[in-house]
Amino acid sequence: MRLNPASLLGGWQELNAAATIPHCVANVERTGTIANLRRLAEAGQDGPEGTFQGPWFADSDLYKTLEAIGWEAGRSGTERWAGLLSEVAGLLEQVQAPDGYLNTYVQGTPDKVPFSNPEYTHELYCAGHLMQAAVALHRGSGDERFLAVARRFGDLVVREFGEDGEPVIDGHPEVETALVELYRETGEESYLRAAELQVERRGHRTLAGGRFGAQYYQDHLPVREATEAIGHSVRQLYLAAGVTDLYLENGDESLLRAMEQLWDSAFGTKMYVIGGHGSRHRDESYGDPYELPPDRAYAETCASIAALQWCWRMLLATGQARYAEEMERALLNAIAASMDHSGTAFFYSNPLQLRTGHDGSSEDAPSERLPWYGCACCPPNLARLLASLHGYAATADAAGLQVHLLTPGTFAGESLTAVVETGYPWDGDVLVTVTGRGELAVRVPSWAEGATLDVTGGQVLAGPVPGDYLRVTCADGATVRLTLPMTPRLVRADERADAVRGCVAVMRGPLVHCVEQADLPEGVLVEQLRLDPAAPIAEERGQDAVTPVRLRLSGVVRPLGQELYGTYDPAPRTGTPVTFTAIPYHAWANRGPGAMRVWLPLA
Ligand SMILES: [Zn+2]
């Protein structure tokens, strides 16, 4: 599977390789994450000198960066980081204890005992990222050294927390999906059983609740009963990905049924229109159903990445288009917005509204993207996702090929290869040319009412139904042309999403749009705009390469009131007619700090 580097998604992969991965490497070096390993490797009889640097889970930032390098090596064949990989592999081999244990925070901090505080220390979380890095490096470049280190830790988990071991689970899920991946890579079944035990042991309140409570770690109910998305959103979504991975290997239908209910809760009542998850800044957690304030949205970048990863597994489990559609929503909106156009500055939280006068001094809600964070989970997470993005675009099986992300590229199955040419998401024309023969499936988005299909050299098994896959039996040389309606549309939220009641969001294709202060006439504030829902929406093309299609909206400008509260006046309010530009949400905050909103009140 290969993305065209000149496309939107393929271009992000190129930017990731050229800018984001090097930026992550420089920052894990700068912040002492690699130095934590060197310090332990160089320790003498009296123990290491100096102190551990960074947050207690800092190892995971290094491992995610290594995972990105592994996928990138597999994608492009680059050996740019061979020196770094060699050095870090040597350090890990030196620092890893004889029993397989490895964690620079616990090993490098006096009086810390392995696995004695699983609520907080993230030891299995870090081990999970080590395993995923090792799998990526093994698949990407055949590297055996990291895999050997990861296996030694995996074997430790099997011994310590296996069938007859201690019933320890980690406060931060992640090792579940990693152990399944390690099993897939090595064929060692004890890793799969260890993942199963991690999943089965969660939800029995074995973690001390502390100030967060059991729900924070999803330890309040067993996974088959915990059908409401709750607690820390990244933990919830990583856990769900791990449970779904387990189902994919052991076929336990009760796990899939629970995941389907959990998915309906997360994506049906608690997701932002940009594909963000977790509305509460406090505890980085999910809120109540429909508690989706646009200005106070937390919507951590890692949560959208985790949501995409979970949807991918649900797609593999069921083949249903809705999971691929939510992957696309997260990818093209929340995830895309989290990185700037240089690939070296990032949002941690992703609000849907920034007010005039926003106080951006708080680290987790800045007005602009930052180069790095004290808690730096998001940037390397983005790097590993982008480096592996081509792997999410299509799948293949004995029958043929299934295209999930509509993006230019070359996708090879067992019996046929498809070359996809399209300007999507800017244009709705998708041309697929097939060599070989077999069944081609292409996802038709749920909003694409009126999509048309033109096939030569193939037989249509299923036409373009919105929210499903079109299916064509293709002969060698067949062409399949799908044309999607890209007319801009207004989207409303459920009545119960009070914070945006009376507002609409503007979408064109899969892209959510927003209005930025930088595009408004002199003297008009974002807060004064009201959208006329009956007015046609015009397209502006060719303004710049980053946002080749912008939208021209019509409405009115209302004068701002003088008092915070006053007597309600039932008379219709008027305003001055105005037209204004909306840009794709993912391009916001690239022109300096300024007010922005996705949800627009109606005139
Ligand atoms: Zn994060």
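## The loop that holds Pro 425

Pro 425 is found in the loop between strand 6 (416–422) and strand 7 (429–436); helices (H or I, at least four residues) and strands (E, at least two) are DSSP runs, numbered from the N terminus. The peptide bond that joins Tyr 424 and Pro 425 is cis, with omega at about 10°. Most peptide bonds are trans, and most residues other than glycine have a negative phi.

This is a predicted model, in which local features need pLDDT of at least 70 and side-chain atom pairs count only at pLDDT 80 or more, while totals for chains, interfaces and linings use all residues. Residues are numbered from 1 along each chain as its sequence is written, and side-chain values use heavy atoms, with hydrogens and water left out.

## The loop between helix 11 and helix 12

Asp 283 lies in the loop between helix 11 and helix 12. Its phi is near 60°, a positive value in a residue other than glycine. Ala 299 is found in the loop between helix 11 and helix 12 as well, and phi of Ala 299, near 45°, is also positive in a residue other than glycine.

## The zinc site

Which residues coordinate the zinc ion? The donors come from Glu 300 (OE), Cys 302 (SG), Cys 377 (SG) and Cys 378 (SG), at 2.1 to 2.3 Å. Donors are N, O and S atoms within 2.8 Å of the metal (3.2 Å for Na, K and Ca); water is not among the atoms, so sites may look incomplete. Along the chain, the donors of the zinc ion follow the spacing E-x1-C-x74-C-C. Glu 300 lies in the loop between helix 11 and helix 12 (301–318) and Cys 378 in helix 14 (residues 378–387), so this pair ties together parts that are 78 residues apart in sequence.

The site of the zinc ion is tetrahedral, with angles of 95 to 117° among its four donor atoms; four donors count as tetrahedral if all angles lie between 85 and 135 degrees. The ideal angle for four tetrahedral donors is 109.5 degrees.

## Helix 6 and helix 7

Two packed helices are described by the angle between their axes and the distance between the axes. Axes are lines fitted to C-alpha atoms, for helices over the stretch in contact, and angles run from 0 to 180 degrees between N-to-C directions. The axes of helix 6 (residues 123–141) and helix 7 (residues 145–161) come within 8 Å and cross at roughly 140°. Helix 6 is therefore oblique to helix 7; angles under 35 degrees count as roughly parallel, over 145 as roughly antiparallel, 65 to 115 as roughly perpendicular and the rest as oblique.

The residues in contact (heavy atoms within 4.5 Å) include Leu 130 and Met 131 of helix 6 and Phe 146 and Phe 153 of helix 7. By class, this contact of helix 6 with helix 7 has 13 nonpolar, two polar and one charged residues. Here Ala, Val, Leu, Ile, Met, Phe, Trp, Tyr, Cys and Pro count as nonpolar, Asp, Glu, Lys and Arg as charged, and the others, Gly among them, as polar.

## Helix 8 and helix 9

Helix 8 (residues 175–186) packs with helix 9 (residues 189–201) at an angle of about 165°, and their axes are 8 Å apart. The two helices are therefore roughly antiparallel to each other. Among the residues that make the contact are Leu 179 and Tyr 183 of helix 8 and Leu 192 and Ala 195 of helix 9. Ten nonpolar, two polar and two charged residues take part in the contact of helix 8 with helix 9.

## Helix 10 and helix 11

Helix 10 (residues 233–250) and helix 11 (residues 253–269) pack at about 150°, with axes 9 Å apart. This angle makes helix 10 roughly antiparallel to helix 11. Val 243 and Tyr 247 are among the residues of helix 10 that meet helix 11, where the partners include Leu 256 and Met 259. The contact of helix 10 with helix 11 has eight nonpolar, three polar and one charged residues.

Definitions and conventions
Four donors count as tetrahedral if all angles lie between 85 and 135 degrees; four count as square planar and six as octahedral if opposite donors are over 155 degrees apart and all others between 65 and 115; anything else is irregular.
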